[in-house]
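Please look at the sequence and the structure first, and then read the points below.

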Amino acid sequence: MFKALLTIIQRDLLVAFRRRAELMNPILFYAIVVTLFPLGVSPDKNFLSQLAPGVVWVAALLAALISMESIFRQDFDDGSIEQLYLSQHPPMVLIFGKVVAHWLITGLPMLIVIPVMALLLFIPNQAIPTLFITILLGTPILSLIGAIGVALTAGLRGGGVLLWLLVLPLYIPVLIFASGAVSASIDGLATSGHLAMLGVGLILALILAPLAISASLKISMS
Amino acid sequence: MWSFFHKLSSPKYYYEWSGKWIPWLGGITILLTALGVYWGLVIAPTDYQQGESYRIIFIHVPAAWMSMFIYMVMAVAGFIALVWKTKISEIVVSECAVIGAVFTALALITGMLWGKPTWGTYWQWDARLTSELILLFLYLGVISIHSAIEDPRIAARAASVLAIVGIINIPIIHYSVTWWNSLHQPNMELVSESPSMHPSMLIPLLIMAIAFKVYFGWLLFIRVRNEIISRERSTNWVKKLILAS
């Protein structure tokens with residue numbers, strides 16, 4: 001079973017690296033969204049650094065969602081997902097492998113781009129480690145919850161807008177705790193409370209989301 | 001008792017059974033609403049802080065309670081729909097979503113109307129208001145996934161999954177919003193929404209709350225019956241029923 005999980009992850013990573021150009025898309029999207037804020041609001045340094053934790057994480061939510069759509073789309077259309085359900089291994093585990101692979105491709109690069117953008121928004125250096133931890137804890141939750149939404153809308157034509165409507169309200173706790181942790185560390189306050197809540201969220205999502213994802217995919221296939 | 005639930009999952013039996021309840025529920029709703037509205041708007045004393053404007057709570061608070069109660073009903077029905085795949089519970093999920101969204105919107109709108117004279121603003125990013133707004137988004141999500149999928153049975157199951165995911169998230173969202181608010185904003189000197197109330201105000205409020213609950217049951221039965229008739233229109237018992245009337 002564990003071997004099957006690893007095979008799925010390996011296979012998805014391989015498919016992704018065959019189409020390298022697409023790997024850059026979420027990162028570019030993220031950079032552009034963040035760039036819009038100083039242009040739209042104000043380039044003032046103090047104001048921006050106050051706004052930054054929110055901007056960094058709102059943009060991360062949007063980037064996570066925009067990259068989510070590709071997680072099952074192709075495999076769903078060509079029937080690979082159905083094959084997973086026919087295999088001897090529990091589909092929940094295999095689907096979880098797909099989510100892990102997808103997070104490695106789209107979530108992990110955020111570790112590079114978010115701190116760079118954070119500097120452009122004048123987040124003080126002391127907050128950067130906290131920012132790293134929130135990305136590590138937060139983006140897997142985004143992938144797991146987002147995958148539920150993608151699984152529910154996989155069978156639909158034009159499920160894109162619907163996906164946003166379904167998933168964004170569920171992202172709100174991640175936004176609150178992640179940006180809260182960054183704000184707190186900018187102000188020099190303790191961040192352990194926020195980070196602990198993010199950790200709890202991650203554990204809950206790891207346990208419960210695969211159940212919901214595999215059930216939703218099954219419904220979408222019927 | 002199990003055999004009763006078993007029978008209830010048959011559309012025909014449910015139709016006949018709920019038909020007997022409808023006049024009773026309707027009668028109780030009208031009586032209690034009339035009593036509650038009269039008591040609340042005429043008999044109950046004027047609030048010494050908020051004046052007459054507080055009287056909107058007789059609609060607002062029951063509507064807010066209903067918005068959460070209906071989500072729970074919807075999630076339980078969704079669980080039953082996913083596990084036992086009964087047609088009635090599938091219909092209940094989609095009908096609850098519509099009724100619940102309306103109650104949530106009602107709670108928000110009445111809250112805003114009350115907020116203007118009391119707080120001096122229609123909207124505050126207060127924890128309770130914000131989580132009620134998010135609840136409305138969750139309802140709209142359930143409604144839109146249900147209407148996006150054509151096959152009503154698949155649509156109901158997808159909506160059920162979303163409703164269950166939502167019910168796990170509601171407490172998390174609620175507490176995170178509460179925490180967010182307490183961290184980001186100084187305590188606002190707002191009049192608490194439910195101060196310890198004098199019985200002369202509490203009794204009409206409770207009457208209205210019960211009236212709203214019965215009204216929900218009444219509305220749900222009527223809507224589920226309509227949906228049954230439209231889905232089962234090709235079966236013999238519906239044809240007989242329509243020819244007989």
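The points that follow take up confidence, the interface, and selected residues of both chains.

1. The structure is a predicted model. The predictor assigns the complex an ipTM of 0.88 and a pTM of 0.89. For chain B, the mean pLDDT is 86, and 93% of the residues reach 70 or more. One stretch of chain B calls for caution: the pLDDT is below 50 over residues 184-191. Beyond near neighbours in sequence, this stretch has 11 contacts in the model.

2. The interface brings 26 residues of chain B into contact with 23 residues of chain A. About 2,100 Å² is buried between the two chains, and 86% of it lies on carbon and sulfur atoms. Of the area that chain B buries against chain A, 20% is supplied by Ile145(B), Val161(B) and Trp179(B), which is more than any other three residues supply.

3. On the side of chain B that touches chain A, α5 (127-148) and α6 (152-184) each supply at least two residues. The largest share, 16 residues, comes from α6(B). Sorted by class, this side of chain B has 20 nonpolar, 5 polar and 1 charged residues.

4. In general, side chains of opposite charge can pair when their charged atoms come close. The next points describe examples.

5. In chain A, Asp75(A) is placed in helix α5 (residues 73-77). Asp75(A) counts as buried because its relative accessible area is 9%, and the limit for that class is under 20%. Leaving aside residues up to four places away in sequence, Asp75(A) touches Arg11(A), Asp12(A), Ser80(A), Ile81(A) and Lys98(A). The side chains of Asp75(A) and Lys98(A) are joined by a polar contact of 2.4 Å.

6. Arg11(A) forms a salt bridge with Asp12(A) at 2.7 Å, N to O, and another with Asp75(A) at 3.2 Å, N to O. Arg11(A) lies in helix α1 (residues 2-18) and Asp75(A) in helix α5 of chain A, so this pair ties together parts that are 64 residues apart in sequence. Arg11(A) is partly exposed at 35% relative accessible area, whereas Asp12(A) is buried at 11%.

7. In chain B, Lys87(B) and Glu232(B) form a salt bridge whose closest N and O atoms are 3.3 Å apart. Lys87(B) is in helix α4 (residues 87-119), and Glu232(B) is in the loop between α7 (199-231) and α8 (236-244), so the pair links distant parts of the chain, 145 residues apart. Lys87(B) is partly exposed, with 33% relative accessibility, while Glu232(B) is buried, with a relative accessible area of 11%. Returning to chain A, salt bridges that share partners join Arg11(A), Asp12(A), Asp75(A) and Lys98(A) into one network.

8. Pro11(B) touches both members of the chain B pair, Lys87(B) and Glu232(B), as well as Ile88(B), Ile228(B) and Trp237(B), not counting residues up to four places away in sequence. Pro11(B) is found in helix α2 (residues 11-43) of chain B and counts as buried at 14% relative accessibility. The C-alpha atoms of Pro11(B) and Arg231(B) are separated by 9.7 Å, although these residues are 220 residues apart along the chain.

Notes: Residues numbered from 1 in each chain as written. Chains lettered and ligands numbered in written order. Predicted model: local features only at pLDDT ≥ 70, side-chain atom pairs only at ≥ 80, totals over all residues. Heavy atoms only, no water. Contact = heavy atoms within 4.5 Å. Buried area = accessible area lost by both parts, 1.4 Å probe. Helix = DSSP H or I, 4+ residues; strand = E, 2+ residues; numbered from the N terminus. Nonpolar A, V, L, I, M, F, W, Y, C, P; charged D, E, K, R; others polar. pLDDT = per-residue confidence, 0-100. Buried < 20%, exposed > 50% of the residue type's maximum accessible area, 1.4 Å probe, protein only. Polar contact = N/O pair within 3.5 Å; in protein donor to acceptor, adjacent residues only side chain to side chain. Salt bridge = Lys/Arg side-chain N within 4 Å of Asp/Glu carboxyl O.
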